[in-house]
Amino acid sequence: MPRSTDRLPFPYRPEAETVAQRLAALQGALDWAGAAQVAAPWVRAVRENPPPFWAMESLLKEYPISSAEGLALMRLAEALLRVPDAETAIALTADQLGRADFDGAADSTLARLSSTAIAMSKHFLPESGHEPGLMAKLGARTVVAATLRAVQLLGRQFVLGQTIGEGMKEAAAARKKQPNLQFSYDMLGEGARTHSDALRYQASYENAIAAIAQGADPARHPAQNDGISIKLSALHPRYEDAQHERVMNELVPRVWTLCRAAAAANLNLTIDAEEVDRLELSLDVFEALAALVAEHCPQWQGLGLAMQAYQTRAVELIGHIAALARRYRIRFMCRLVKGAYWDAEIKRAQEQGLPAYPVFTHKHHTDVSYLACAKALLDAPDAIFPQFATHNAGTIAAILQMASRQIGAEGFTAGPPQGETRPLEGQRPAQRWSVGVPSFELQRLHGMGEGIYREVLKNPLVSCRVYAPVGAHRDLLAYLVRRLLENGANSSFVHQLADESVGMDELLISPLRLEPQASLPLPPDLYGAVRANSSGRDLTVIAWRDELLAAHAACVVPVVGEAQPGDATAAVARAVGAFGAWNHTPVAQRAAVLRFAADSLDAALPRFCALLVKEAHKTWGDAVSEVREAVDFLRYYANEAERVMAPQTLPGPTGESNTLRLEGRGAWVCISPWNFPMAIFMGQVAAALATGNTVLAKPAEQTPAVALEAVKLLHTAGVPADALQLLHGPGETVGAALVAAPGVAGVVFTGSTQVAKIIQRALAAKEGTIVPLIAETGGINAMLVDSTALPEQVADAVVQSAFRSAGQRCSALRLLCVHEAIADGVIEMIQGAAKELVAGDPSQLDTDLGPVIDVEAFDNIQRHVNRLRGSAKALLPDAAPAHPLPNLVAPQMFEVGSISEVTQEIFGPVLQVVRWGGDPLDVIRQINTLGYGLTLGIQTRIDSRALALAAAARVGNVYVNRNMIGAVVGVQPFGGEGLSGTGPKAGGPNYLLRFCAEQTLTINTTAAGGNVALFAR
Ligand SMILES: Cc1cc2nc3c(=O)[nH]c(=O)nc-3n(C[C@H](O)[C@H](O)[C@H](O)COP(=O)(O)OP(=O)(O)OC[C@H]3O[C@@H](n4cnc5c(N)ncnc54)[C@H](O)[C@@H]3O)c2cc1C
């Protein structure tokens, strides 16, 4: 199927503009004051008579999620249920409860129970970070069991049953009390990381559909039967836009199998809405399914899609889906939600440097969008059966009002299932579909909004479906955390409803108003007014992808002439000659040149990315990150130079002035590697230039073209030709000659430890001035995983850190140390995830690993792999990727017996794994003895443990509960210690100082006569 480019607008557009359009669409369609009047009695009734299962709301009222207690609660709930061993469970509980005060009493039985258990736990548990004595341990075990129970009870509020059978029994019991309820079952779990995960979820969905079908009546409309909600990310381990072809070939048939079974029983099967950058992909899948439905079962009206109103494109999405239904002459069920991943969307947009957020940033803007979407859904009854999922009383009342205006009260159910119809105020005659079938339905999550719905459903014309998660406790966690966040957020309706201090006016305030500015700084302004964030690209946006591919098609890698070793002396002399003028150029002027270069590079991102893909075999994602890093370096060092080079007045005795000022040292040799031919090259050069030094830049032999283009860009921006010279050639000859040449004031080098030492010795052997060296070298970077870690998060972090960029990053993960209690499962998940990676041509968007840089690198990696095959247990097959491109290495993974066996950095996608037990500090001590000290990953939910391990580790960069690559300029200054480098850290506040000479200027101000200043006091 051709990829559509015009069905949805650009996601990152100005918020106010979009909201203004939504408000205009609602004009005259909604009387908010009227809706609030309908909602107010519901709110009063719930507050006067809260539903019995009020645990989460009241607990979170007592301990707001923004407080230490709320956070502790959330973290315990997320991690405690999966911890396999008692010791760690005790440590985790002590750690979380140690930082919170749970002594307050909440006001419902369950909340009080949970609260008391937790408060009690606190007193019995050992203090976090301290080894418990035996007595404390015995007490602690009981207390942890109680806490566990409390957390399980919290979890149970949101899960209908541990199996589909159990869930259906609960549903039947609920229906006895409230007959107009339907259910949509959801099988809990994290997204699939491996092929076998996906098959397991597929089987569990199939099994659930079969069970639901037994209780369904195929003669009824899907709106009258229970149904199922599915997550596409559970059904494919690479449900990503970049893997489009695979997803269409492999995932669509899987989902179609489920659809066929649902269609046979006339069930509603809804595809849940996930992250924004999966929307286009999900639409392709949905359209493929629509075509199949049209062909095989056009009478089925149960295929459904969830849509998120917080997305700036939500209304257009509805237009597209309605058009699709009409094109295929079928009808869909569309669930309108506000959206569950708001915080994650905001973070992604900031990290990727996107021009705006793809979601609204004011809560009430999401509400406005929701209402505009509701209107759009109600306007398309021929194409869509609307399903409004919300717990917000104001939103529900507004929908009922719009629905009754649109289709009339009786139209709510075109022939009520039983009893009399009772029209709502101001309703028009009904538009009938078929007897007993409602025209729309409301939806809520199990365990949420029960009170409000108890009131709303007193009107028998209104239908409601409950989204009902089913699954074992260990699968509950991700879902539970979302619910905790939703219940705990100050802005959330359910939270405010539980808080009596929020008055009715505030609770039901009209959302129909426009905020001209976003509530958060936009991603380009992340670093404030002083420094613009570099602009990135979301590779799922087709226009951006096309721009990159066009640049690639036009890219010709220039041939760069080689310098001769004999050129070095003259080049250094030229640089020394240029030093005075450049050094005396005011720092503000030098900074302006670098900022101009940054803006030019930002604008030329596609061209430079294309060059990186062609010359350095970068994948597109890596190329975009690298150009952005170079832009960040230019801007950051421009600012830093102005900061550190401003003269400082120092205190001293009266009668003299004392000033400290910094200036350049002279001509610097900058030797950069091929793995970041743009970012590291630009970082070194920009740091030297910003501080007034002149530069002899020696790029890696493998990547001179990127360096040439970077130098051209800097010259065009205003760096004098003599102040920046490029000398391309082998390190052993040209690099060595530059280092040895007389007059060199400093050397900055990134590369292997071995070459750094050669340079160090060469400098030490030189006559004359003592020349400083800044060296950033590699590392045997480790990740320590304890048994509180989330396996899925670990697998993601490991696969990215060890295999992304084909492992050719100084920061890459080389040694995974995983706790023995969870090692089997974690290793299996990493194996499965690694097998899903695509090694191939980096210019293809679906490629995860391009070839390693050259045949020498390839042979070296192979040597290590062969050695490991003889001495360690291979965890991945050694089959070379089936691809005509040379130098491709598939991810490799070996289990070794001990940390001390890992003695060398293997600069490729090769991971070594070791199991550990006992004290995690011992593991860190063993890692320290390896002598390297660059990056360390820690995966644990025990915060005090993470801090203690980080403090014990002799490394430069520690990353907790995330991947350990991709340091950001000014955010994670980068560089290590020991065999990993000299420091100071690149992209940090201390870096430029090393490029500077310092001078103090002391002036005797009384020299001209008396001390006037003293007399004048
Ligand atoms: C049946 C059902 C199915 C669901 N399926 C999905 C699904 O497939 N995918 C999915 O993502 N979610 C899904 N959800 C979750 C849903 O997104 C949340 O429950 C919903 O957003 C809560 O909205 P509300 O109207 O109940 O509460 P409200 O309190 O009125 O709204 C809360 C929502 O407002 C939005 N919001 C909060 N702060 C801001 C802000 N500063 N700026 C802008 N917007 C903000 C968020 O979306 C937040 O969830 C589903 C919910 C239900 C009931």
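Modeller: At 4% relative accessibility, Q308 counts as buried, because buried means under 20% relative accessible area, exposed over 50%, and partly exposed in between (1.4 Å probe, protein chains only). The model is predicted, so that local features need pLDDT of at least 70 and side-chain atom pairs count only at pLDDT 80 or more, while totals for chains, interfaces and linings use all residues. Residues are numbered from 1 along each chain as its sequence is written, and side-chain values use heavy atoms, with hydrogens and water left out.

Q308 belongs to strand β4; helices (H or I, at least four residues) and strands (E, at least two) are DSSP runs, numbered from the N terminus. Its side chain reaches the backbone oxygen of E274 at 3.0 Å. Leaving aside residues up to four places away in sequence, Q308 touches A273, E274, A314, V337, K338, G339 and Y341, where contact means heavy atoms within 4.5 Å.

G339 leads on to the ligand, for it is one of the closest residues there, together with T366, T390, E486 and F493. In total, 30 residues surround the ligand, a residue being near when one of its heavy atoms lies within 4 Å. By type, this shell divides into 12 nonpolar, 11 polar and seven charged residues. Here Ala, Val, Leu, Ile, Met, Phe, Trp, Tyr, Cys and Pro count as nonpolar, Asp, Glu, Lys and Arg as charged, and the others, Gly among them, as polar.

An oxygen atom of the ligand is 2.5 Å from an N or O atom in the side chain of E486, and a polar side-chain atom of T390 lies 2.6 Å from an oxygen atom of the ligand. A polar backbone atom of T361 is 3.1 Å from a ligand nitrogen. A polar contact is a pair of N or O atoms within 3.5 Å; within protein, one must be able to donate a hydrogen and the other to accept it, and residues adjacent in sequence count only if both atoms are side-chain atoms. Taken alone the ligand exposes 940 Å², of which the protein buries 93%; accessible areas come from the Shrake-Rupley method with a 1.4 Å probe, and for residues only the protein chains shown count as cover. The elements that give two or more residues to the shell are β4 (303-308), β5 (332-337), α15 (363-378) and β7 (441-445).

D272 is placed in the loop between β3 (269-271) and α12 (279-296), and at 8% relative accessibility it counts as buried. Its side chain and that of R335 are joined by a polar contact of 3.2 Å. Beyond four places in sequence, D272 touches D186, S229, I230, K231, A306, R335 and Y467.

N266 has a positive phi of about 60 degrees although it is not a glycine, and it is buried, with a relative accessible area of 14%.
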